Amino acid sequence: MLFRVLAVGDVVGEAGLDTLHRHLRTLIRMNDVHFTVVNGENAAGVGLLPRQAEEIFDAGANVITLGNHTWDKQQIQDYLEDNSYILRPANYASSLPGRGLGIYEGPKGLRVAVLSLMGRLNLNPHLHSPFETADDLLANLEADVTLVDFHAEATSEKGALAWYLDGRVQAMWGTHTHIPTADAQVLPKGLGFISDLGMTGPKESVLGIAPQDSINLFLGGLPRRYQTASGPLKLDCVLFTIDTETGRCTEVSRCDICD
Ligand SMILES: [Fe+2]
């Protein structure tokens, strides 16, 4: 079958949650999507609360992935232990709450693995290597389709991991920078890849936050709490079409929408 996966860029604040609620189910229906993964680590600005995770699931997500802001809201720790449909990066220390890999049931009994990983370059040098973590977790994985959210800052690290996993994984997308990239492609051994999905939230913003807050930072102003920007909203997402017979991604396409 042709298995269609929708990957949705980082949901920023209540505005991002609102955008998701208004548009995600329509996007799923219009594109005949079978499986949806949403990055939710900015639903509370930094981190997310269990209530916000529930809202993302209610909006249509099958799985939520996280990143460097996973631990910013302490209330999420028990939720990560209890709910196997939300993933924190697998290359955090194994002693931390939750998990970074899950296997879920897709259509027609398809075993769909989702792996959350995080980059080290210009982000968190204390993590285990995402390359070696992927090696370990993929070695004995029993899944028909494997999807990877690589939450990382550097496009170089994202590209390198994509080429490293080509032939072992059907789709890998980057998150974290909140900037949608124009490099959607299928690598030679069938891995569908894009460097960054973008974000879901305020369009007239700097990565989702009010421009004045970002300007203040770069002018050397006193630290202040970032506010989510107001104005029109957008939802950045990418559709991966995977041929489950060949194990290859056949198409990667952006399907962003804007209010
Ligand atoms: Fe992030």
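**Close-up views of a predicted model**

Figure 1. Glu41 and Asn68 are 27 residues apart and link distant parts of the chain. Glu41 sits in the loop between β3 (35–39) and α2 (50–59), while Asn68 belongs to the loop between β4 (63–65) and α3 (76–82). The model shown here and in the views below is predicted.

**Figure 2. The iron site.** Glu41 (OE), Asn68 (OD1), His151 (NE2) and His176 (ND1) coordinate the iron ion at 2.0 to 2.2 Å. The angles among the four donor atoms run from 87 to 170 degrees, and the site is irregular.

**Figure 3. The largest nonpolar core.** This core has 27 residues, and those touching the most other members are Leu6, Leu20, Ile56 and Ile86. At least two residues each come from β1 (2–8), α1 (13–30), α2, α3 and β14 (237–243). Which element gives the largest share of this core? That element is α1, with five residues.

**Figure 4. Surroundings of Leu20.** With neighbours within four places in sequence set aside, Leu20 contacts Val8, Val11, Val38, Ile56, Ala59, Thr200 and Leu235. Ile56, one of these partners, is also listed with Leu20 among the core residues that touch the most other members.

**Figure 5. Another nonpolar core.** A core of 22 residues lies apart from the largest one. Its members include Phe3, Tyr104, Ala171 and Ile242.

**Figure 6. Lys108, a non-glycine residue with positive phi.** Lys108 is not a glycine, yet its phi is positive, at about 55 degrees. Where is Lys108 placed? Lys108 lies in the loop that runs between β6 (101–105) and β7 (111–118). Its relative accessibility is 77%, so Lys108 counts as exposed.

**Figure 7. Leu207, with positive phi in another loop.** The phi of Leu207 is positive, at about 60 degrees, although Leu207 is not a glycine. Leu207 is found in the loop between β12 (199–202) and α6 (211–218). Leu207 counts as partly exposed because its relative accessibility is 42%.

Key:
Residues numbered from 1 in each chain as written. Predicted model: local features only at pLDDT ≥ 70, side-chain atom pairs only at ≥ 80, totals over all residues. Heavy atoms only, no water. Helix = DSSP H or I, 4+ residues; strand = E, 2+ residues; numbered from the N terminus. Buried < 20%, exposed > 50% of the residue type's maximum accessible area, 1.4 Å probe, protein only. Donors = N, O, S within 2.8 Å, 3.2 Å for Na, K, Ca; no water. Tetrahedral: all angles 85-135°; square planar, octahedral: opposite > 155°, others 65-115°. Core = buried A, V, L, I, M, F, W, Y, C linked by side-chain atoms within 4.5 Å. Contact = heavy atoms within 4.5 Å.
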